[in-house]
Amino acid sequence: VRNDSYAPTLKGVGATADRGDMILRNGRHLLSLVDELLDLSRLEAGKLEIRPHDCSLVEILADVEAITEPLRRHKSIDYRIVYETQVPEHIHTDCTRLTQTVINLLSNALKFTEKGYVRLRVRVDRDAPKPWLTIVVEDSGIGIRPEDRERIFDSFTQVEPSSSGPPTGGGVGLGLPIAKWIAERLGGTLEVQSVFGRGSTFTLRIATGPLDGVPWIAPHEGVERSGRPLPKAGHKAPCRLQGRVLLAEDAGDIRELIEFALR
């Protein structure tokens, strides 16, 4: 059903960009909810598989940064990724599940931090009898009450900061339980420390697999895996497009919305 009363608010380049960001943000949110529900179903049926293979830790963290960039774009917080040690050129783990877990932890930190900082710290304990990768996500956000720290790892549990605090972000309470399950299946742990009103620290620790003979590198902060500097928030390169678009969609209202977004 078309509602022409919205037409005046949808005119202009700025309005188009705002609506585009809104569509993209909510689309990603919906996709994450569906993915979490599917993962829970697979987990309960014993079908959520862990498939380890050699993968680049630097590339994993670059993907995490790219995916969480929309959450950082409109916040004036100090965000940094800090490599506390050199890292191996590759580790042996399930890179898809590791990426999923770090995205969940970093997204939560960004959603619940309105001012201050968010840090993603990375280190590899190469001298331990069994090498470990430790990823720490710390923030200066709203924190978690002591009585709620264990509950956050229960399925479908959301902890409201207070009756007047900011919303939880619209999740269904599955991200952290699934993240902890993945951490344990990757041979490690997921732990939390928090002071209510002052921030939280989530520590993910997983096995890296054998590192004998693996080259080590010293990644630079704020550099993509390609070596190019990351774009600054708010910077948009000029874009000029020519061509045709074939849109195949049965629902008329969806066609209209997509046409508007494309234009």
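**Entry 1: Asp 54**

I started at Asp 54, which touches His 90, Ile 91 and His 92 once residues up to four places away in sequence are set aside. I am working from a predicted model, so I keep that in mind throughout. With His 92 I found a polar contact, side chain to side chain, at 3.0 Å. Asp 54 itself is found in strand E1, residues 53-55.

**Entry 2: Asp 94 and helix H3**

What does Asp 94 do at the N-terminal end of H3? I found that Asp 94 caps that end, with a side-chain oxygen 3.2 Å from the backbone nitrogen of Thr 96. I then followed H3 along residues 95-111. Its 17 residues reach 24 Å from the first C-alpha to the last, close to the 24 Å expected at 1.5 Å a residue. I noted that H3 is mostly covered, with 14 of its 17 residues buried.

Next I looked up Cys 55 and Cys 95. I count 0 disulfides in the structure. Both cysteines came up as buried: Cys 55 at 8% relative accessibility, and Cys 95 at 18%.

**Entry 3: the nonpolar core**

I moved on to the largest nonpolar core, which has 45 residues. The residues with the most contacts inside this core are Leu 98, Leu 120, Val 122, Leu 133 and Phe 202. Which elements give two or more residues to this core? I listed helices H2 (57-73), H3 and H4 (175-185), along with strands E2 (78-83), E5 (117-125), E6 (132-139), E7 (189-195) and E8 (199-207). H3 gives the largest share, 8 residues. As a general reminder to myself, nonpolar side chains tend to be buried together in soluble globular proteins.

Leaving aside neighbours within four places in sequence, I found Val 122 in contact with Leu 57, Leu 61, Ile 81, Val 82, Tyr 83, Glu 84, Thr 85, Val 87, Leu 133 and Thr 134.

**Entry 4: Ser 194**

Is Ser 194 buried or exposed? I have this residue down as buried, because its relative accessibility is 8%. Ser 194 has its place in strand E7. Its side chain has a polar atom 2.8 Å from the backbone nitrogen of Ile 144. I also found a side-chain polar atom of Ser 194 at 3.0 Å from the backbone oxygen of Gly 199. Beyond neighbours within four places in sequence, the contacts of Ser 194 are Gly 143, Ile 144, Arg 149, Gly 199 and Ser 200.

**Entry 5: the whole chain**

Last, I stepped back to the protein chain. I count 5 helices and 9 strands, in the order α-β-α-β-β-β-α-β-β-α-β-β-β-α along the sequence. Of its 263 residues, 34% count as buried. For contacts between residues at least 6 apart in sequence, I noted that 72% join residues at least 24 apart. The accessible surface comes to about 16,300 Å², and 52% of that belongs to carbon and sulfur atoms.

Definitions and conventions: Residues are numbered from 1 along each chain as its sequence is written. This is a predicted model: local features need pLDDT of at least 70, side-chain atom pairs count only at pLDDT 80 or more; totals for chains, interfaces and linings use all residues. Side-chain values use heavy atoms; hydrogens and water are left out. Helices (H or I, at least four residues) and strands (E, at least two) are DSSP runs, numbered from the N terminus. Buried means under 20% relative accessible area, exposed over 50%, partly exposed in between (1.4 Å probe, protein chains only). Contact means heavy atoms within 4.5 Å. Accessible areas come from the Shrake-Rupley method with a 1.4 Å probe; for residues, only the protein chains shown count as cover. The expected span of a helix is 1.5 Å times one less than its number of residues. A polar contact is a pair of N or O atoms within 3.5 Å; within protein, one must be able to donate a hydrogen and the other to accept it, and residues adjacent in sequence count only if both atoms are side-chain atoms. A nonpolar core is a set of buried Ala, Val, Leu, Ile, Met, Phe, Trp, Tyr and Cys residues joined through side-chain atoms within 4.5 Å. A disulfide is a pair of cysteine sulfur atoms within 2.5 Å.
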